[in-house]
Each structure stands twice: as structure tokens, then as C-alpha cells.
Amino acid sequence: MIRHESRDGVNLVRFDRPDKKNAITGEMYLALVDGLRAGEADAGIGCHLISGSPGAFTAGNDIADFMRYAAEGDLADTPVLKFLSVLARLEKPLVAAVDGLAIGVGTTLLFHCDMVYATPRTVLRTPFVDLGLVPEAGSSLLAPRIMGHQRAFALLCLGDPVTAEAAREAGIVNHVVSEADLETAAFDCASRIAARPREAMVLSRRLLRGDRTEVLARMDEEALIFGQRLSSPEAATAFAAFMGKGKG
């Protein structure tokens with residue numbers, strides 16, 4: 001369900017669960033962790049590239065995992081937090097190729113990317129508050145920095161959908177390209193990054209990213225509140241309504 005390969009100095013990691021719109025299970029999160037760590041450790045790799053399936057980058061967390069986390073009420077050692085920790089600590093550049101749905105973590109992970117390519121049919125959405133939850137992946141800190149408070153509020157608090165072009169204007173997406181050109185454009189970018197002097201690229205990215213302490217601390221704060229919210233009556237009501245809607 002996660003495909004991983006290396007080519008021309010690029011570490012390719014792909015969501016591959018198209019029948020479920022690439023909804024991410026715990027097993028998939030751990031495979032993402034393994035894939036990214038492998039790329040970080042490989043001296044032949046200069047850039048990571050993450051992508052999905054036609055029409056679906058990812059629909060976010062698998063709902064069954066959500067319900068299990070809600071029952072356990074503790075996110076401290078879950079696969080999703082392991083993935084987010086690795087994501088925030090990457091040293092090598094990360095490029096994303098986004099087509100179609102990018103829901104929840106499918107949107108928030110983009111704030112950790114260095115280059116993002118999207119298609120015209122791409123839609124970003126974060127329905128955290130709708131589910132009685134709060135933003136994650138450090139997005140409550142990174143989104144306002146990148147797109148401004150008002151746009152970040154509309155995305156993260158109101159859950160308003162953001163089109164690819166609006167995401168480009170907001171600074172989340174670099175280029176909007178056709179579905180036919182997406183994979184080639186994103187890979188060409190990743191391979192150009194990989195072809196640059198590796199150490200200079202890592203050091204330059206580190207300077208641009210700055211001290212990660214604040215981001216990691218915010219991720220921990222979000223995770224704590226997120227875990228508390230999962231077991232809250234408000235979230236239980238929201239999830240019940242969501243599940244009921246799915247059966248309707």
C-alpha cells in the first residue's frame with residue numbers, strides 16, 4: 001500500500017491504496033517511515049518525492065484507525081506520530097506530486113515540503129474541527145507563516161476547501177500542471193535537486209528551515225490536545241454523524 005523505489009538520486013514514496021482513495025493506515029504510516037528513513041540514510045539519494053494515485057493524493061487517516069485511537073485515547077506512540085516526527089526531521093529536500101484529494105494529513109504534510117506540484121483538480125481540505133479535533137503536523141504554526149492567519153483559519157478551522165490555484169496563490173503549491181504532466185514535472189524537479197552538490201543542498205535547506213525546536217514542540221502540543229479530543233463527547237458526536245453520513 002506504500003510503494004518505494006529509488007531512481008536517479010530520487011527516493012520515490014507513493015501512496016498506493018487507490019480503492020480507498022489512499023486513506024492511510026497505521027501499517028502505511030510505518031512503511032512511510034521506513035521509506036523516508038531509507039532515503040535519508042542512502043548516500044546515493046539527494047531528494048525525496050512523495051506522490052499518490054490519479055485523482056487521490058490521500059484522503060487522510062483511515063477511519064478505522066481513527067476510531068481505534070479514539071477508544072485508546074493516547075497518541076503518544078502511534079504510527080502517525082512516528083511519521084510526523086520523521087517528516088519534520090528530514091534533512092534532504094522533499095517534493096510532492098499532488099493530484100485530486102488531499103485531505104487532513106494529505107494537506108498538512110505539504111507544509112513540510114520544499115516544492116509542491118499539483119493538478120487543476122487538486123483540492124486541499126482539513127476537516128479537523130468538523131470532527132471535533134484540532135490541526136496536526138505542526139500546521140497550526142506553519143500554515144499561518146506560509147499563507148497568513150486568515151487563510152490558515154479558513155483552511156484549518158473552517159475546513160474550507162482550497163483549490164490548486166488558490167493553494168499556489170497562498171504559497172503552499174509551487175506549480176499547477178496538468179494530470180498528464182504531473183509525475184514528469186515533479187520527478188524532473190526532484191532529480192534537479194538531487195543533481196546539485198548534496199552537502200550544500202542539505203545545509204542550505206537547513207538554513208531556510210531554521211531551528212526545528214519550535215515546530216517539534218508545536219507538534220507535541222497538537223498531539224496532546226488531539227489525543228484528548230479523540231475521547232471527548234464532542235468528537236464522539238462528530239464521528240457518529242460522519243459515520244452515519246457514510247451509511248446514508
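I started with α10 and listed its buried residues: V215, L216, M219, E222, A223, F226, G227 and L230. They sit on the same side of α10, because they cover an arc of only 130° around the axis. I then checked the other side of α10, where T213, D220 and L224 are exposed. A reminder to myself: an α-helix has 3.6 residues a turn, so residues three or four places apart point the same way. I'm working from a predicted model here.

Next I checked the length of α10, residues 213-230. With 18 residues at 1.5 Å a residue, α10 should span 26 Å, and its end C-alpha atoms are 26 Å apart, so the two agree.

Then I went to the cores. Which residues touch the most other members of the largest nonpolar core? I found F15, L32, F83, L109 and L110, out of 54 residues in that core. Helix α3 (residues 79-89) gives the largest share, 6 residues. I followed F83 and, skipping neighbours within four places in sequence, got contacts with Y29, L32, V33, L36, V105 and L109. There is also a second, separate core of 17 residues, with V95, A185, F187 and A194 among them.

Last stop was L158. Where does L158 lie? I found L158 in the loop between α6 (149-156) and β9 (162-163). Apart from neighbours within four places in sequence, L158 contacts D130 and F153. I also took the C-alpha separation of L158 and T107: 14 Å, for residues 51 apart along the chain.

Technical notes:
Residues are numbered from 1 along each chain as its sequence is written. This is a predicted model: local features need pLDDT of at least 70, side-chain atom pairs count only at pLDDT 80 or more; totals for chains, interfaces and linings use all residues. Side-chain values use heavy atoms; hydrogens and water are left out. Helices (H or I, at least four residues) and strands (E, at least two) are DSSP runs, numbered from the N terminus. The expected span of a helix is 1.5 Å times one less than its number of residues. Buried means under 20% relative accessible area, exposed over 50%, partly exposed in between (1.4 Å probe, protein chains only). The arc is that of the directions from the helix axis to the C-beta atoms. Contact means heavy atoms within 4.5 Å. A nonpolar core is a set of buried Ala, Val, Leu, Ile, Met, Phe, Trp, Tyr and Cys residues joined through side-chain atoms within 4.5 Å.
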